[in-house]
Amino acid sequence: MNFTRWSARLPGAQRRARTDRTTSTAAAQPAQAGPARTAGPVPGAVPAARAGSPPAAAPGPHPAGPALDGLTAPGLLGRVPALIAVLHGPDHRLAYVNDAYSAVFGPRHPGAPARDSLPELAELGLLPLMDQVLRSGKPRTVKSRRVTPATTTDRGRARPGYYTFTCSPLDLGTGAGPDEQRGVLVFASDVTDQVQAAERLRASERRQREAAVTLQRSLLPQQLEQPDDLRVAATYLPGGKDTAVGGDWYDVITLGAGRTALVIGDVMGRGVRAAAVMGQLRTAVRAYARLDLPPHEVLQLLDGLAAEIDATQIATCVYAVHDPNEGRLVYASAGHLPILVRDPDGTVHRAAEPIGPPLGTGGWLHTSGSVPLTPGASAVLYTDGLVERRSEDIYEGVAALEHAFAGATGSPQVMCDRLIRALGVTQEHDDDVAVLVLQHPARTGHDAELFHNAALELLGGVEAAPRARAFASGVLASWRFPTDLRDLGVLATSELVANSLQHGTPPMRLRLRRTDRRLIIEVTDGDDHLPRRRRAEPADEAGRGISIIATIASSWGSRRTPGGGKAVWCEFALPTGHRRG
């Protein structure tokens, strides 16, 4: 096949007659005017320009460029650094490969079908693509195909590279029939550097994301506190595949006297800044929780702190407190989605009111609400990533969560996993998800024997303290506590009651409670002045009661009660033999 006579034609291209150059004499005298002579294609000339190309510029004062008549197609393609192969006919017989192609895949002999002469094209899946090019007359491209060179270098076998292959239709203008005149130009450009750079970028993004997720998880609880009366589990899933983690967070805080605080929140936005704000808010919540304040007062303090941390960051939060003696979940919400509570009979309802604006907005007085959480009930706290979808209203997602929660069974961790699956959350989910599930188990059998309550109303007077000591001694003996623990419990009861009689007002009440891990003694009265531990001077006749309590008990504390007044309590850790199991 004579390559000096074919020219590449893209779809829609047309041959145009070229104006033959004047004789060498006329070329030597460019100033001489005269009509140009037309002639057919000159053997060895480059292919004609595409139809519709802009007309040549009018002759100017600049000298003409070098003549291209001497260039041939093989000579031109042989100098191109890209890999080039020319094939013709329906079975893609090889017509030509340039030196760059031979340097990568080795020498090739023209005339054989591509399936035999160019097996690398079959391995790369290009033969069907070339069939499409012949049928449609349109070019096709495949990007970044891995190529293993067949040749070797001085240092051994060449390393694999990546090439982008473009198959373009050709009209060779020669051949036995029309099918033989149609061909395909395979053009492969080396994109190894670009592919490796992209891979390095992806690896860097993966490392950055792993670091960001590690930062996010380090700001969350490494291990949840497990209260005596509740079973709790939580799950956090970072959203998307970028490096910008979100600000979802949760926490479980034991407050003492059997009470537990549960909190979940979401800092709007993504990135390290949102995670940093989240970490500060979580730390602040734990500090405020130690004050044992009502939920709405905790959110009120958080609201002011959020504005001081970053006025541009908005955060939502739910803070709830469970008191096993009351059998209720008292909560306050700052713009967060409602808590869902499932009763022992399977009925699910929302703790929807009251809800205040998000943290950081300021100018709002938060209030607390409550919902029953009796033995056998469960509750779920969650962030908007679990229920929010771009194509539907967010409360449709809450309704779907209600339906899934009604049928979810198992341990709290199993329930977390089932709720996430039921809501269609996957690793490709575009928003962070935090879920906190708590169960108040209904105890029966041996477990029920480990949880007891006893209470005594104190009417005041000189008989109150002796009655309280006698009551405590009898109750602790019935619970089969060892003598030393019983004596410490009676002493703590005496000091708490004496403190209440001296500084409090009626009504007064003594409550003893045991769990599988601790003994809790609590005294309530009608005065809201909280006691504090102080150093008593040697000559002082009073002021040592709280110091005695702090010395003999595992922990102690006080809080204001919702109806006015206060509660002062202390705890004793049970000996190993009196714990569960």
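Tyrosine 101 and phenylalanine 105 both lie in helix α3, which spans residues 99-105. They are 4 residues apart, about one turn of the helix. In this predicted model, the two residues form a tilted aromatic pair, with 5.0 Å from centre to centre and 45° between the planes. Tyrosine 101 is buried, with a relative accessible area of 1%, and phenylalanine 105 is buried at 6% relative accessibility.

A second pair joins tyrosine 163 and phenylalanine 165. Their ring centres are 6.4 Å apart and their planes meet at 50°, so this pair is tilted. Tyrosine 163 is buried, with a relative accessible area of 11%, while phenylalanine 165 has a relative accessible area of 0% and is buried. The whole structure holds 3 aromatic pairs. An aromatic ring also takes part in a contact with a charge: the charged end of arginine 342 sits over the ring of phenylalanine 405, 5.2 Å from its centre.

**The chain as a whole**

The protein chain has 581 residues, and 43% of them are buried. Its secondary structure comes to 16 helices and 23 strands. Among contacts with a separation of 6 or more, 64% are between residues 24 or more positions apart. The chain exposes about 29,700 Å², of which carbon and sulfur atoms supply 53%.

**Nonpolar cores**

In soluble globular proteins, nonpolar side chains tend to be buried together. Here the largest nonpolar core has 53 residues. Trp249, Leu281, Leu302, Tyr319, Ile339 and Leu436 have the most contacts inside it. Helix α9, residues 272-290, gives the most to this core, with 8 residues. Apart from this core lies another of 27 residues, among them Ala100, Val104, Leu126 and Phe165.

Leaving aside residues up to four places away in sequence, tyrosine 319 touches residues including Leu255, Leu262, Val285, Ala289, Pro295, Val298, Val330 and Tyr331.

**Salt bridges**

Side chains of opposite charge can pair when their charged atoms come close. A search of the whole structure finds 22 salt bridges.

| Arginine 286 | Glutamate 225 | 2.7 Å |

Arginine 286 and glutamate 225 form a salt bridge. Arginine 286 lies in helix α9 and glutamate 225 in the loop between α8 (192-219) and β8 (231-237), so the pair ties together parts that are 61 residues apart in sequence. Glutamate 225 counts as partly exposed, at 23% relative accessibility.

Lysine 566 counts as buried at 1% relative accessibility, and aspartate 525 is buried with a relative accessible area of 5%.

Methods. Residues numbered from 1 in each chain as written. Predicted model: local features only at pLDDT ≥ 70, side-chain atom pairs only at ≥ 80, totals over all residues. Heavy atoms only, no water. Core = buried A, V, L, I, M, F, W, Y, C linked by side-chain atoms within 4.5 Å. Buried < 20%, exposed > 50% of the residue type's maximum accessible area, 1.4 Å probe, protein only. Helix = DSSP H or I, 4+ residues; strand = E, 2+ residues; numbered from the N terminus. Contact = heavy atoms within 4.5 Å. Areas by Shrake-Rupley, 256 points an atom, 1.4 Å probe, with all protein chains shown as cover. Salt bridge = Lys/Arg side-chain N within 4 Å of Asp/Glu carboxyl O. Phe/Tyr/Trp six-rings, centres within 6.5 Å; stacked < 30°, edge-to-face > 60°. Lys NZ or Arg CZ within 6 Å of the ring centre and 35° of its normal.
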